[in-house]
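Have a look at the side chains as you go through the points.

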Amino acid sequence: MQRYLILSLLLAATTLLNSADSELATRVDDLWRSGQSSEAIKLIDEQLAAGNTEITFMSAAADAMLAEHRYSRAADLYAQLAVIQQADADLYLDAKIHEWRARYLAGSENSQAEWITLERSLISTASADRGNSAAGSKDLAYRPQLQLEMAYCLEEETGNRPGRPTELLERFPDSSVVLRLAAADASALGFINNDRERIAAISDFLAGWPRNYWRQVAYRYWLYSAWRMHDRAELEKAAASYLAEFGASGECHGAISRYMLDLDMPIEVGLVHARRSMELFELELGTSGDLTGISTLHNETRYRPSQLPYLPPGKRQTFILYLYSRHNLARYMNKQAEFDIAL
């Protein structure tokens with residue numbers, strides 16, 4: 001009993017500390033956003049002097065320094081943040097990108113600065129040594145990818161226009177750099193107002209960005225354009241292509257069934273996809289779909305930290321997409337006058 005009491009107290013203390021750190025980061029953010037930059041910097045200095053290296057605080061402090069054009073200090077804070085987060089390749093790379101951006105701005109946008117040469121050298125050395133290192137075997141799985149990402153992003157952040165990440169695209173099509181660039185191109189599809197032009201752009205996107213998550217977004221824009229044009233043949237074409245590539249995805253079946261229903265297509269076909277979407281999400285999330293299971297999933301995922309926006313959906317986002325699939329199936333039940341089931 002005493003053991004469990006001690007464990008509960010430790011967990012409670014950790015929760016309080018995490019809450020306090022989060023509130024501190026929010027306080028720093030609120031101060032500089034409201035124009036109280038001197039107060040924000042004073043608070044940051046006090047916390048750094050006290051040895052605070054908590055991630056949310058360090059991130060907020062670095063962002064504040066960058067916003068206040070204190071680029072050298074921002075770069076140093078992002079560099080520390082990268083070291084703290086080096087176990088996570090994506091977070092490490094994100095911190096390094098911010099560090100390089102701040103250093104570039106601090107150097108009056110000098111693309112030939114000594115620190116850039118040094119960073120290139122460090123990346124090249126790490127790439128050359130990766131095959132000879134016996135230590136850190138857990139990290140070696142992603143190091144080749146990480147070195148390529150870092151080399152590309154360093155050039156990108158220092159004004160050297162690296163172009164298309166060809167080697168990354170061929171070797172690591174789901175790398176952070178490829179996902180980020182593909183996400184930006186997928187997002188741009190939403191700004192094309194002419195649906196025929198959008199479908200042509202989608203074709204180019206699918207040809208240019210093979211084998212990564214953001215192809216799903218392109219397919220959904222294709223379905224959306226077909227729906228806007230009330231073109232059932234085009235929607236069936238889009239659905240067939242989407243299913244051929246992502247037939248094991250709950251997102252795929254869910255999107256197809258929604259647009260089929262909205263276009264008043266044969267309900268029995270759309271219903272198959274609606275049910276399959278829910279089944280696939282439940283399989284992925286490991287839930288039977290009962291109220292207790294849904295409540296448990298909600299509580300397990302609701303406080304998860306937000307992830308980088310260009311990454312595929314995490315568990316919380318997947319859970320929300322699953323709820324949409326349930327809502328979508330309810331729409332089908334309503335259409336068939338199965339109101340109790342829908343409810």
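1. Start with Asp29, which makes a salt bridge to Arg33 with 2.9 Å between the closest N and O atoms. Keep in mind that this is a predicted model. Both residues sit in helix α1 (residues 2-33), four residues apart, or about one turn of the helix. Asp29 comes out as partly exposed at 24% relative accessibility, while Arg33 is exposed at 57%.

2. Next, have a look at Arg73 and Asp45, a salt bridge whose closest N and O atoms are 2.9 Å apart. Arg73 belongs to helix α4 (residues 71-84) and Asp45 to helix α2 (residues 37-49), so this pair ties together parts that are 28 residues apart in sequence. Arg73 is partly exposed, with a relative accessible area of 30%, and Asp45 is also partly exposed, at 34%.

3. Then there's Asp195 with Arg198, another salt bridge, with the closest N and O atoms 3.0 Å apart. The two are three residues apart in helix α11 (residues 195-208), about one helical turn.

4. For the overall tally, the structure holds 21 salt bridges. The pairs above, including Asp29 with Arg33 and Asp195 with Arg198, are a place to start.

Methods
Residues numbered from 1 in each chain as written. Predicted model: local features only at pLDDT ≥ 70, side-chain atom pairs only at ≥ 80, totals over all residues. Heavy atoms only, no water. Salt bridge = Lys/Arg side-chain N within 4 Å of Asp/Glu carboxyl O. Buried < 20%, exposed > 50% of the residue type's maximum accessible area, 1.4 Å probe, protein only.
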